[in-house]
Amino acid sequence: MSEPRRVVIRKLPTGVPRLDEVLGGGIPEYSFNLIAGAPGTGKTTLAQQILFANATPQRPALFFTVLGEPPIKMLRYQQQFSFFDPARVGVDIHFLNLSEEVLNQDLTVVLDRMAAEIERLNPSMVVVDSFRTVVRALDSARVTSLDLQHFVQRLALSLTGWEVTSFLIGEFGDGESRDPVFTVADGVIWLMNEVERNSSVRKLRVTKVRGQAALPGLHTMRITDAGVEVYPRLDKLAMTPRQRRTSRRRLSIGVPGLDAMIGGGIPEGDSVLVTGPTGSGKTILSTQFIAAGVERGDCGVIAVFEEHPAFFVARTKHLGFDLDAMMASGKLDIMYLRPLDLSVDETLQEIRDRVGKLGATRIVIDSLSGFEAALAPTFRSDFRESFYRLITALTALGVTVLSTVEVVESSDYLRFSPYNVSFLTDDILAMRYVELEGELRKVIAVIKMRGSSHSRELRSYDITPSGLEIGEALHDYRGIITGVPERRSVVNQFAPLELTTTESVVFDALARFGEISAETVANETGLAPGQVDGALDRLLTLRYVRAAERDRQTLYRAAPQWLR
């Protein structure tokens, strides 16, 4: 005995970007739906956008207006949207006014008029705007709640029997879902306009869709020149667990010394957090990361929140990075996101669109501090959730994300983020200032590399005309994370016959002053240059001293093993 065949319900496109995804695939054909919300939330615009996406001359759409604004007034405003085609009005989209029937007759007459027009035009879609107005306009003494319930049920049955997909538009507020129409409806879409402090954010919520799984939660919505646009709170890609490959290539961060510290580069597909105070070089490092990718043929996207791209490009050009040329070659896209009342979902969608268009494999977010400032207060109140959704969705695309965040210096520990989001990232690089021998110096450390070995040294670095350059590890100092480290004292246990007095004086000067030239040693000790050179040669032979070439000059420093 064969199993009975399942009924397959066709899903109709809404014509609204990403709303089909929220609904679970689209509007079920022949369904009876309610679009609810307060006045001004975009109900009429949404309904008309759906009509224009589905109506055809063979199966047109029928839009009933009831006691609201006259059709001619409504059409004058609606045709400002790009989805509205005036040439289609009266051809495959028809507008009819039921005001006379509602004012002078009863519910049966209203239903009969609707039935007559539907039979005449044979539409595929019907909208009643506004259904709530029909109820309020009728004499409450003549129409009981039971009559209203019967009317709703008859209307739903009739529309289903006529094989049309229908939408009732109603002005309902929060907590008004006890109306009989909510019980009968196959689908319910709520539109709202949330106001918090000086911020206003449009949101959409699907509370009911029979036969399919809609995305839960509140989704950001905007009304633009193109009409309604929806930004899902979570998409299927973001909800899919990230599958890490066992063997991933390493991406150069653009700084050779730092690549060595992180084990050969950033594992592809990781999320990297670069933290540090203002002026520590976070933006320069992120630019080097992008430039290194472009040099190797990778495409990148930079999301800028703190300054206009023109200023960003001009500033990095002084460091030798020609971002204009990278953009002209199609390898780089710089996007500026600094409007107020920004939502996480809009940001994610914009970045994802740019990544898809360019085929980018590297993304820089500069910075999370600017990102938070651009968000509407409703998203800013729980920044960890916002950051989690952003990073999860981006890394699910397989791209490598480098985010910068400004932190306030602490005198007793390394602070990684003011938002407590460090656990959400794969890798963390911490930059900070320290005072060494009366100078303000910069140091960097690799705090975390998930699933990868890395250096545990605190290394100095400089910002040069070509970007960041990593120096030596600060083995000679302790208490570096306090910002005011102390030099380790010299071991004074030299064999009397091993070092001469001159050699001991030279070695002590190197231990006190760090990396200095032979000329500086002579000036500090009062020794003749020839004496200093001779002492340095023997100290190098005995490995008490190390030498390094810096800017065509030889500098010397005491070897770490002789310091404590």
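Which residues form one aromatic cluster? In this predicted model, the members are F52, F81, F83 and F84. The paragraphs below start from these rings, then turn to a sheet, and end with a pocket.

A pair of aromatic rings is described by the distance of the centres and the angle of the planes. Across the whole structure, a search finds 8 aromatic pairs. One of them joins F52 and F84: the ring centres are 4.7 Å apart and the planes meet at 50°, so this pair is tilted. F52 belongs to helix α2, which covers residues 43-54, while F84 is found in the loop between α3 (71-78) and β5, so the pair ties together parts that are 32 residues apart in sequence. Another aromatic pair is made by F182 and W190, and here the arrangement is stacked, with 5.6 Å from centre to centre and 15° between the planes. Both F182 and W190 are buried.

The next feature to follow is a sheet. In what order do its strands lie? Reading across, the order is β5-β4-β6-β7-β3-β8-β9-β10-β11, which makes an open sheet of 9 strands with mixed pairing. At the edges stand β5 (93-97) and β11 (227-231); each has a single partner strand, so one side of each is left without a neighbour in the sheet. From one strand to the next, the twist averages 25°.

On one side, β3 pairs with β7 (residues 165-171) in the parallel sense, over 6 bridges. In that pairing, G37 is placed opposite E171 of β7. Strand β8 (residues 187-196) is also a parallel partner of β3, this time over 5 bridges, and I35 faces I189 there. How much of β3 is covered? The strand is mostly covered, with 6 of its 6 residues buried. F32, L34 and A36 point one way from β3, whereas N33, I35 and G37 point the other way, and all of them are buried. The antiparallel sense is seen where β9 (residues 199-209) meets β10 (residues 219-224), a pairing over 3 bridges. In this pairing, K203 stands opposite T220 of β10.

Finally, there is the empty space to consider. Rolling a probe the size of a water molecule over the atoms shows where empty space is left. The largest pocket holds about 770 Å³ of space. Its lining is made up of 28 residues, and those nearest the centre of the pocket are R441, D462, E515, R550 and L555. Which strand gives the most to this lining? The answer is β22, with 5 residues. At least two lining residues come from each of β20 (439-449), β21 (459-464), β22 (467-473), β25 (516-517), β26 (545-550) and β27 (553-558). Sorted by class, the residues lining the largest pocket are 12 charged, 9 nonpolar and 7 polar.

Terms used:
Residues numbered from 1 in each chain as written. Predicted model: local features only at pLDDT ≥ 70, side-chain atom pairs only at ≥ 80, totals over all residues. Heavy atoms only, no water. 1 Å grid on protein atoms, 1.4 Å probe; cavity = no way out; pocket = protein on both sides within 12 Å on 5 of 7 lines; lining within 4 Å. Points joined across faces, edges and corners; volume = space filled by probe spheres on them. Helix = DSSP H or I, 4+ residues; strand = E, 2+ residues; numbered from the N terminus. Nonpolar A, V, L, I, M, F, W, Y, C, P; charged D, E, K, R; others polar. Buried < 20%, exposed > 50% of the residue type's maximum accessible area, 1.4 Å probe, protein only. Pairing = 2+ DSSP bridges. Axes fitted to C-alpha atoms, helices over the stretch in contact; angles between N-to-C directions. Phe/Tyr/Trp six-rings, centres within 6.5 Å; stacked < 30°, edge-to-face > 60°.
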